[in-house]
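Dear colleague,

I am passing on the structure below, which you have not worked with before, together with an account of what was found in it. Please keep it open beside this message as you read.

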Amino acid sequence: MASVTPPHSTISVKSPEPDYKGSTGTGDVKNHVVVDVALRVMLFATSLIGIIVMVTSKQTKLIPVAPGMALPMAAEFNQSPAFIYYVVALSVACLYSIISSVLSVLVLLKPKGSSTRLLFHFLILDAFLLGIMASATGAAGAVAYLGYKGNAHTRWNEVCNMYDSFCSHIAGSVTISLLPSIALLLLIWLSVLVLSKKIMR
């Protein structure tokens with residue numbers, strides 16, 4: 001009995017589907033690690049410099065207290081709670097930068113690529129530390145401004161006309177503290193960028 005061939009025989013060819021999962025390339029991981037560690041080293045270096053400049057700001061001046069009488073009075077950073085908070089915040093930033101740099105090198109260089117959980121933790125901690133640094137810099141900057149300008153309404157006199165070296169150290173340290181904040185902001189941006197690429201895959 002002769003076999004009948006169907007009039008419309010079709011051959012289905014399965015076209016290869018595009019790979020949307022993707023994989024984290026070794027080059028991308030290394031680039032991310034290099035930038036991450038470089039920013040954390042910048043965070044450590046600038047925070048350490050800010051601490052050193054602040055704690056070495058002591059200055060002693062002879063202040064007249066009566067006609068023909070002057071007493072030596074010292075100006076130090078630990079006389080202001082705002083400056084103490086500022087130094088503590090920079091110290092935390094230094095310690096955090098060391099720990100996070102080590103974790104970046106040990107964990108993010110795994111064969112499977114960067115750890116999403118670690119990046120998420122970095123994102124939270126970096127944002128938390130950025131808030132601390134911003135508040136500490138603002139507090140120290142406010143006190144430094146009063147030292148330079150005073151406040152005529154409350155009759156707070158400026159002191160930087162007498163303690164010029166002390167105020168120069170304070171101003172330099174507060175200015176340097178903007179760099180750790182910028183480094184933290186860039187670290188947050190980097191983590192968000194990498195996490196967004198992982199979500200899109």
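In this predicted model, helices α3 and α4 pack against each other at an angle of about 150°, and their axes lie 10 Å apart. Angles over 145 degrees count as roughly antiparallel, and α3 and α4 are therefore roughly antiparallel to each other. The crossing that α3 and α4 make is left-handed. On the side of α3, the residues in contact are Thr137, Ala140, Gly141, Ala144 and Tyr148, and on the side of α4 they are Cys167, Ser168, Ile170, Ala171 and Val174. Sorted by class, the residues of this contact between α3 and α4 are seven nonpolar and three polar, with no charged residue among them.

Helix α4, which covers residues 164-176, also meets helix α5, which covers residues 178-200; their axes come within 4 Å and cross at roughly 5°. Since angles under 35 degrees count as roughly parallel, α4 and α5 are therefore roughly parallel to each other. The residues that meet here are Val174, Thr175 and Ile176 in α4 and Leu178, Leu179 and Pro180 in α5. The contact of α4 with α5 is made up of five nonpolar residues and one polar residue, and it has no charged residues.

Charged side chains do come together elsewhere, and the count of salt bridges comes to two. In one of them, the side chains of aspartate 36 and arginine 40 meet at 2.9 Å, N to O. Aspartate 36 and arginine 40 are four residues apart in helix α1 (residues 26-55), which means that about one helical turn separates them.

What does arginine 40 meet in a salt bridge at 3.2 Å, N to O? The partner is the side chain of aspartate 126. Arginine 40 lies in helix α1 whereas aspartate 126 lies in helix α3 (residues 116-149), so this pair ties together parts that are 86 residues apart in sequence. Through the partners that the salt bridges share, Asp36, Arg40 and Asp126 are joined into one network.

Because its relative accessibility is 44%, threonine 56 counts as partly exposed. Threonine 56 and phenylalanine 166 are 110 residues apart in sequence, while in space they are 8.6 Å apart, C-alpha to C-alpha.

Finally, some remarks on the chain as a whole. The protein chain has five helices and two strands, and from the N terminus on its elements run α-β-β-α-α-α-α. Of the 201 residues in the protein chain, 34% are buried. Where contacts in the chain link residues at least 6 apart in sequence, 73% of those contacts join residues at least 24 apart.

With kind regards

Key:
Residues are numbered from 1 along each chain as its sequence is written. This is a predicted model: local features need pLDDT of at least 70, side-chain atom pairs count only at pLDDT 80 or more; totals for chains, interfaces and linings use all residues. Side-chain values use heavy atoms; hydrogens and water are left out. Axes are lines fitted to C-alpha atoms, for helices over the stretch in contact, and angles run from 0 to 180 degrees between N-to-C directions. Angles under 35 degrees count as roughly parallel, over 145 as roughly antiparallel, 65 to 115 as roughly perpendicular and the rest as oblique. Contact means heavy atoms within 4.5 Å. Ala, Val, Leu, Ile, Met, Phe, Trp, Tyr, Cys and Pro count as nonpolar, Asp, Glu, Lys and Arg as charged, and the others, Gly among them, as polar. A salt bridge is a side-chain nitrogen of Lys or Arg within 4 Å of a carboxyl oxygen of Asp or Glu. A crossing is left-handed if the near helix is turned anticlockwise from the far one by less than a right angle, and right-handed if clockwise. Buried means under 20% relative accessible area, exposed over 50%, partly exposed in between (1.4 Å probe, protein chains only).
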